Structures are given as structure tokens and as C-alpha cells.
Amino acid sequence: MKILVCISNVPDTTSKINFTDGDTKFDTNGVSFVINPNDEFGLTRAMWFKEKQGASVDVINVGGPETEPTIRKCLAIGADNAIRVNTTPVDSFAVAQEIASVAKDGAYDLVIAGRESIDYNGGVVPGMVAAILDANFVNTCINLEIEGTTATAIREIDGGKETVKTSLPLVVGAQKGLVEESDLRIPNMRGIMMARKKPLTVVEPKDSTNNTEAGKFSKPAPKGSVTLVDQGNLDQLIDLLHKEANVI
């Protein structure tokens with residue numbers, strides 16, 4: 001079984017976010033970048049298939065040379081090969097087209113992508129990849145088992161879980177629950193040294209189409225002041241909820 005894991009290079013959640021050029025560009029100065037958490041759950045599950053079923057695992061990233069430390073970390077975790085599509089990911093559809101092109105050329109049985117990245121939170125790339133490839137698709141996936149060409153997946157739905165059966169080729173939108181957080185892997189020294197010898201192939205983008213572009217960024221409004229109400233002062237609490245919070 002051949003598995004392709006999609007990797008987004010995203011800012012660490014502890015980073016301070018700023019914008020430049022009139023709030024039209026993201027300021028990367030001083031920002032630490034990491035593997036998108038939903039992608040990391042997918043990569044860890046792919047490593048399970050590699051170890052238990054002998055699958056081969058490749059990772060793909062659409063981005064510039066600055067993303068290669070993140071890709072190398074994936075190789076250190078245990079991925080066999082890495083592919084970087086040398087273009088700036090400015091549009092979800094263009095990213096999906098590039099991933100689908102590589103997936104089709106590589107004849108992958110399973111494509112695992114995070115259900116969304118934590119930077120733009122678009123949540124549309126996995127579904128687009130599946131549509132372009134004409135492959136089966138399971139989103140918000142929290143469990144995945146594969147026997148032969150049959151996949152059994154559990155996905156999160158409103159108010160519960162749904163178990164579905166489908167066949168390969170398959171695209172999965174992974175999220176927390178696909179593996180436990182305690183199962184996520186930290187590269188050891190041996191893995192880091194081996195990653196230096198593993199292939200990282202850079203390919204030029206195909207004729208992908210950018211349908212959208214970021215016009216302007218803005219930060220959330222700062223939190224307002226907090227009014228403390230003495231315990232037992234129910235009249236004041238009701239008055240504040242009515243006149244200031246406008247919730248009753």
C-alpha cells in the first residue's frame with residue numbers, strides 16, 4: 001500500500017502574529033513553524049500502517065524552501081520520501097490541484113490530509129483532492145483500518161460518530177482522535193541522522209489555478225474590561241446582562 005501524507009507548514013500556536021504591507025501580508029519574522037497538528041495525526045497513523053502492514057509512506061508539501069525543516073522532521077519521524085511542490089500556497093484549489101497531480105502520478109492508494117490547517121482553517125483541500133482524483137473521501141476521520149482494498153473508517157459527526165466502509169483509492173481528512181496525542185512521535189537522534197539521507201524531491205508546479213487571494217488580514221478585537229459582581233447581588237447581575245451584555 002502506498003500512502004501520501006499532506007503536510008502544511010503552519011505557525012506555532014504560541015507565536016505572536018503580526019501583518020505587514022498595510023495588513024495584506026503575514027509577517028513571518030520571529031515566528032516558529034511546525035507540522036500542522038491535524039496532519040501530524042495523519043502522519044502518525046500512516047507510520048502505524050508502515051510498521052504493521054509494510055506500507056510505504058511519502059509526505060508532500062506545497063510551499064517554498066522555507067518549509068523544508070518541517071518536511072525533514074516528517075522524514076525523521078519515519079516517512080520514506082518527501083516531495084515539495086515549489087510554489088507559494090495562496091489558494092486552496094491550487095494546492096489541491098498540485099497534491100492531486102502528484103498523487104495521480106505516484107498511483108497512491110491512500111492520501112491522508114488534515115481536515116484543516118490551523119492557519120487559514122479553510123477545511124476544503126482534502127475534499128477537493130478527492131474530487132479531482134475521483135477517489136472516495138472520508139472527512140473528520142478519527143479511526144481508520146485497512147484490509148486489502150477495503151477501508152473501515154470512523155468519522156465524527158454532530159452529536160456522535162459514524163462508521164463507514166469504502167474502498168481504495170481513498171482520501172482521508174484526519175483530525176485529533178485518529179491517533180492519541182500520546183502516540184505522536186518526537187524525532188530521535190537516529191531518525192534525524194537518517195532523515196538527512198532520505199530523498200526530498202522538489203518539483204515545479206503544474207498549471208494550477210489560483211481562484212482566490214488574501215485581500216487583507218485583521219486581528220480579533222481586544223477583549224473588553226471585566227465587571228466583577230459581588231456574590232449574591234443578583235439585581236446588579238441581571239441589570240448588567242440586560243443593559244451591557246444585551247443577552248436578556
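Figure 1. Gln 175 sits in the loop between β12 (170-174) and α5; helices (H or I, at least four residues) and strands (E, at least two) are DSSP runs, numbered from the N terminus. This is a predicted model, in which local features need pLDDT of at least 70 and side-chain atom pairs count only at pLDDT 80 or more, while totals for chains, interfaces and linings use all residues. Residues are numbered from 1 along each chain as its sequence is written, and side-chain values use heavy atoms, with hydrogens and water left out. Gln 175 is buried, with a relative accessible area of 5%; buried means under 20% relative accessible area, exposed over 50%, and partly exposed in between (1.4 Å probe, protein chains only). The side chains of Gln 175 and Arg 115 are joined by a polar contact of 2.9 Å. A polar contact is a pair of N or O atoms within 3.5 Å; within protein, one must be able to donate a hydrogen and the other to accept it, and residues adjacent in sequence count only if both atoms are side-chain atoms. With neighbours within four places in sequence left aside, Gln 175 is in contact (heavy atoms within 4.5 Å) with Asn 38, Phe 41, Arg 115, Thr 140, Cys 141, Ile 142 and Glu 156.

**Figure 2. The hairpins formed by β9, β10 and β11.** Strands β9 (residues 136-147) and β10 (residues 150-157) run antiparallel and are joined by six bridges; two strands pair if DSSP finds at least two bridges between them. Ile 146 has Ala 151 in β10 as its bridge partner. Two residues separate β9 from β10 in their hairpin, and Gly 148 in the turn has a positive phi of about 65°. Strand β11 (residues 160-167) runs antiparallel to β10, with eight bridges between them. Ile 157 has Gly 160 in β11 as its bridge partner. The hairpin of β10 and β11 also has two residues between its strands, and Gly 159 in the turn has a positive phi of about 80°.

**Figure 3. The largest pocket.** About 1400 Å³ of space lies in the largest pocket. Of its 49 lining residues, Asn 9, Pro 89, Ser 117, Asp 119 and Tyr 120 are the closest to its centre. On a 1 Å grid over the protein atoms alone, a pocket is an open set of points where a 1.4 Å probe fits, with protein on both sides within 12 Å along at least five of seven lines, and lining residues have an atom within 4 Å of a point. Grid points are joined across faces, edges and corners, and a volume is the space filled by probe spheres set on the points. Elements giving two or more residues to this lining are β2 (9-11), β4 (25-27), β6 (56-62), α3 (92-106), β8 (110-114) and α4 (125-133). α3 gives the most, with four residues. The lining has 22 nonpolar, 18 polar and nine charged residues; Ala, Val, Leu, Ile, Met, Phe, Trp, Tyr, Cys and Pro count as nonpolar, Asp, Glu, Lys and Arg as charged, and the others, Gly among them, as polar.

**Figure 4. The second largest pocket.** The volume of the second largest pocket is about 160 Å³. Its lining includes Lys 50, Gly 78, Arg 185, Pro 187 and Lys 198. At least two lining residues come from each of α2 (68-77) and α5 (189-195), and α5 has the largest share, three residues. By class, five lining residues are nonpolar, three polar and four charged.
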